[in-house]
Amino acid sequence: MRLNIESKDDIISILDSDSRALLHDLFADSTEVKLHNVGALTYYRGLIELSNKCAKDCYYCGIRKSNDKIIRYDLDDKDVVEAAQCAYRLGLGSVALQAGEIVSEKQTLRITHIIEKIKALSGGQLGITLSLGEQSIETYRQWKDAGAERYLLRIETSSRELYSKLHPLDHSYDQRLEALMALRDLKYQVGSGVMVGLPYQTTEQLADDLLFLKNIDIDMCGMGPYIEHVDTPLYQKSLETTMLSLEERFMTTLKMIALLRILMPTINIAAATSLETIDRFGREKAIKVGANVVMPNITPAFFKKNYSLYNNKPFGDQSNEEYISVLTKRIERSGDKVVFFKKGNSLHFKP
Ligand code: 5AD
């Protein structure tokens with residue numbers, strides 16, 4: 001190892017530095033750690049964005065409740081199951097079901113039913129990750145019992161102060177933490193993460209984010225650059241405050257991924273889609289420096305464009321087959337082998 005990363009100050013100085021030599025050392029170290037702990041392997045999760053209806057009103061997010069400029073949709077259950085079937089056939093190994101946060105008996109039952117169907121169609125072979133926001137422990141338990149094995153719930157920022165600037169008053173940081181702990185107790189593989197380059201965000205907060213993720217002992221991480229969405233309140237703020245440029249947010253995210261790989265060698269780290277919005281080869285670059293999961297979007301094309309978390313979110317119109325084949329070539333050209341027909345559980349997870 002070339003760098004010494006022990007204290008918060010070490011992390012801050014790396015995040016703040018634009019020395020080429022230091023960057024080179026950081027990425028060489030993180031690549032080495034990746035190779036020795038999870039191998040030069042990338043796993044897919046077929047991402048199905050099953051609904052963009054959301055009861056939350058996060059100031060940064062394009063599908064927030066108060067955005068009346070988007071068309072709201074709900075996939076039919078049969079379309080969700082069909083997309084999962086496609087993932088299974090293509091050997092993606094796992095699917096991730098994502099939607100806006102809806103808390104209701106109906107939603108609990110609907111998702112339970114979908115999970116059961118997906119488990120049945122794959123003889124239990126297809127892994128299931130959920131990303132459906134804060135729910136009651138009972139709901140989390142029901143989904144786990146139905147067969148879901150992983151849950152993604154980003155903390156978005158570990159700073160309470162920043163959290164309160166990004167969310168309305170009724171969105172509680174503590175409640176989110178409790179949800180993460182409940183998921184852990186229920187023996188989900190737990191994923192969390194943050195946005196990088198938010199208005200008001202400091203380097204110290206980013207360093208704290210990494211230490212927070214280590215401290216709550218996540219199994220998986222997804223973190224990506226913040227990207228403005230014009231129909232959100234935070235967009236206005238972005239105009240009024242000094243912020244990192246998109247390129248800086250991109251590079252800082254790569255550094256965060258590399259640092260996290262060094263801090264948590266065996267977790268799964270996703271190369272977030274928002275990286276690709278800034279740099280065409282963003283996901284490949286993230287894989288090179290430590291990420292090992294990619295979530296190809298297999299939401300039926302007609303709906304994809306309405307799941308607009310941020311502006312310029314990519315939505316191709318290729319078939320899933322073509323898309324996966326091109327993506328796989330691109331990833332393999334950057335050095336990793338893509339693993340098919342395996343769930344790709346987090347090696348960090350101890351059941
Ligand atoms: N820029 C980047 N990421 C965003 N997300 C939501 N809005 C934005 C944005 N404007 C991310 C959040 C959320 C995930 C589903 O999408 O981190 O957890």
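This is a predicted model: local features need pLDDT of at least 70, side-chain atom pairs count only at pLDDT 80 or more; totals for chains, interfaces and linings use all residues.

Student: Why is α3 called roughly parallel to α4?

Tutor: Start with the angle: the axes of α3 (residues 77-90) and α4 (residues 105-121) come within 10 Å and cross at roughly 30 degrees. Angles under 35 degrees count as roughly parallel, so α3 is roughly parallel to α4. As for the handedness, α3 passes α4 in a right-handed crossing.

Student: Which residues make the contact?

Tutor: On the α3 side they are Asp77, Val80, Val81, Ala84, Gln85 and Tyr88. From α4 come Arg110, His113, Ile114, Lys117, Ile118 and Leu121. Sorted by kind, the residues of this contact are seven nonpolar, two polar and three charged.

Student: What makes Asn312 exposed?

Tutor: Its relative accessible area is 66%, and exposed means over 50%, so Asn312 is exposed. You will find Asn312 in the loop between α13 (301-304) and α14 (320-333). Look at its backbone too: Asn312 has a positive phi of about 65 degrees, although it is not a glycine.

Student: And how do you know that Phe341 is exposed?

Tutor: Use the cut-off again: exposed means over 50%, and Phe341 has a relative accessible area of 59%, so Phe341 is exposed. Phe341 sits in the segment after β11 (337-339).

Student: What is the phi of Phe341?

Tutor: The phi of Phe341 is positive, about 60 degrees, although Phe341 is not a glycine.

Note on methods. Residues are numbered from 1 along each chain as its sequence is written. Side-chain values use heavy atoms; hydrogens and water are left out. Axes are lines fitted to C-alpha atoms, for helices over the stretch in contact, and angles run from 0 to 180 degrees between N-to-C directions. Helices (H or I, at least four residues) and strands (E, at least two) are DSSP runs, numbered from the N terminus. Angles under 35 degrees count as roughly parallel, over 145 as roughly antiparallel, 65 to 115 as roughly perpendicular and the rest as oblique. A crossing is left-handed if the near helix is turned anticlockwise from the far one by less than a right angle, and right-handed if clockwise. Contact means heavy atoms within 4.5 Å. Ala, Val, Leu, Ile, Met, Phe, Trp, Tyr, Cys and Pro count as nonpolar, Asp, Glu, Lys and Arg as charged, and the others, Gly among them, as polar. Buried means under 20% relative accessible area, exposed over 50%, partly exposed in between (1.4 Å probe, protein chains only).
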